[in-house]
Amino acid sequence: MAEADRDAAVPGAGTGQGDRVARSEADLRRYETVEELLRDKLSEAIGGWRGAAESAVPTLAFALTWSRSQDLKLALVVAGACVAILLLVRLVQRQDPRFIAYAAVGVGISALFALRSGRAEDAFLPGMLQNAGLLVLLLVTNLTRWPIFGFVVGVAEPEAFAEDPTWWRRHAGIVTVAARLAWVLIALNVVRLSIMVPLYLAEQVAALGVAKVVLGWPAYLLAVTAMGAILLRGRTPIDPSRAA
C-alpha cells in the first residue's frame with residue numbers, strides 16, 4: 001500500500017497529532033488475540049531462541065569451569081572466550097550482535113566484582129542483585145497495573161512509543177496478559193534468590209556454581225515454557241468487540 005493510501009486508511013494519520021499512535025493502533029488489527037501479539041513482540045525483543053541462548057552461554061561456561069577447576073581467572077577467561085566466539089559468529093554472518101553485547105556486559109561486571117574482592121562467590125553477586133532488582137520492579141509494576149511486558153509491546157512500535165509510551169494501556173487485554181507473564185518471572189526470581197542467597201552467605205562456591213547452572217538457563221527455559229503455554233492457549237481478544 002502506498003504511504004498516502006496508508007495514511008488515509010488510518011484514522012488521524014497525516015494530521016500530525018496522534019499520527020504514530022494511530023498507526024500502531026491500526027497495526028494491532030493484524031492480530032486476532034493479545035497472546036498472538038505478545039508472541040510476536042517478545043520474539044523480536046529477545047532475539048528468538050538464539051538470542052536467549054547467546055545471553056546465557058557465557059554465564060553457563062563460567063559456572064561449569066569454576067565447578068571443575070576452582071580457578072577464578074580461568075573461569076572468567078573461558079566466559080570471555082565464549083563471548084568473543086559468539087560475537088565473531090554474529091559479525092561473520094552480518095547479524096545483530098546486541099544480544100552478545102548483553103552477555104559481555106554481564107561477564108565484565110561479574111569479573112569486576114570477583115577480581116576486586118578476590119572471592120569467587122562474588123562473581124555471582126551481580127546476578128543475585130539483578131534478580132532482586134527485577135523482582136521488586138516486576139512486583140511493583142504488576143501491582144500498580146503497569147506490567148513490564150506491556151512496555152515490550154510499546155517499544156516494539158518505536159514511533160508510537162516516542163509519541164506516547166503508554167498507548168498500549170488503552171487495551172485492557174494487553175495489560176492483563178502482560179501481567180500474567182510477569183507473574184511467571186516473579187516466581188522464577190523468588191526461587192532463584194531463596195536458593196542462592198543462603199549459599200552465597202555460606203560461601204558455598206561450588207554449590208553456587210551448580211545452582212547458577214540449574215537455576216539459570218534450565219529454569220529460564222521452564223519459565224519460557226510456562227509463558228509460552230499462556231501465549232499459546234490464551235484467546236484474549238485485542239479488540240473486545242471481537243469476543244464471542
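T141 counts as buried because its relative accessibility is 11%, where buried means under 20% relative accessible area, exposed over 50% and partly exposed in between (1.4 Å probe, protein chains only). The model is predicted: local features need pLDDT of at least 70 and side-chain atom pairs count only at pLDDT 80 or more, while totals for chains, interfaces and linings use all residues. Residues are numbered from 1 along each chain as its sequence is written, and side-chain values use heavy atoms, with hydrogens and water left out.

T141 is located in helix 7, which spans residues 125-143; helices (H or I, at least four residues) and strands (E, at least two) are DSSP runs, numbered from the N terminus. From the side chain of T141, the backbone oxygen of L138 is reached at 3.2 Å. Apart from neighbours within four places in sequence, T141 is in contact (heavy atoms within 4.5 Å) with W146, P147 and I148.

Helix 7 also packs against helix 10, at an angle of about 145° and with the axes 9 Å apart. Axes are lines fitted to C-alpha atoms, for helices over the stretch in contact, and angles run from 0 to 180 degrees between N-to-C directions. The crossing of helix 7 and helix 10 is left-handed, that is, the near helix is turned anticlockwise from the far one by less than a right angle. Among the residues that meet here are N131, L135 and L138 of helix 7 and L185, N189 and R192 of helix 10. The residues of this contact comprise 18 nonpolar, three polar and one charged, with Ala, Val, Leu, Ile, Met, Phe, Trp, Tyr, Cys and Pro taken as nonpolar, Asp, Glu, Lys and Arg as charged, and the others, Gly among them, as polar.

R192, in helix 10, has a relative accessibility of 14% and therefore counts as buried. Leaving aside neighbours within four places in sequence, the contacts of R192 are N131, L215, G216 and Y220.

Helix 8 (residues 148-155) and helix 10 (residues 172-201) have axes that come within 7 Å and cross at roughly 125°. The two helices are therefore oblique to each other (under 35 degrees is roughly parallel, over 145 roughly antiparallel, 65 to 115 roughly perpendicular and the rest oblique). F149, G150 and V153 of helix 8 meet I174, A178, L181, A182 and L185 of helix 10. Seven residues of this contact are nonpolar, one is polar and none is charged.

The protein contains twelve helices and zero strands. Of its 244 residues, 42% are buried.

Key. Polar contact = N/O pair within 3.5 Å; in protein donor to acceptor, adjacent residues only side chain to side chain.
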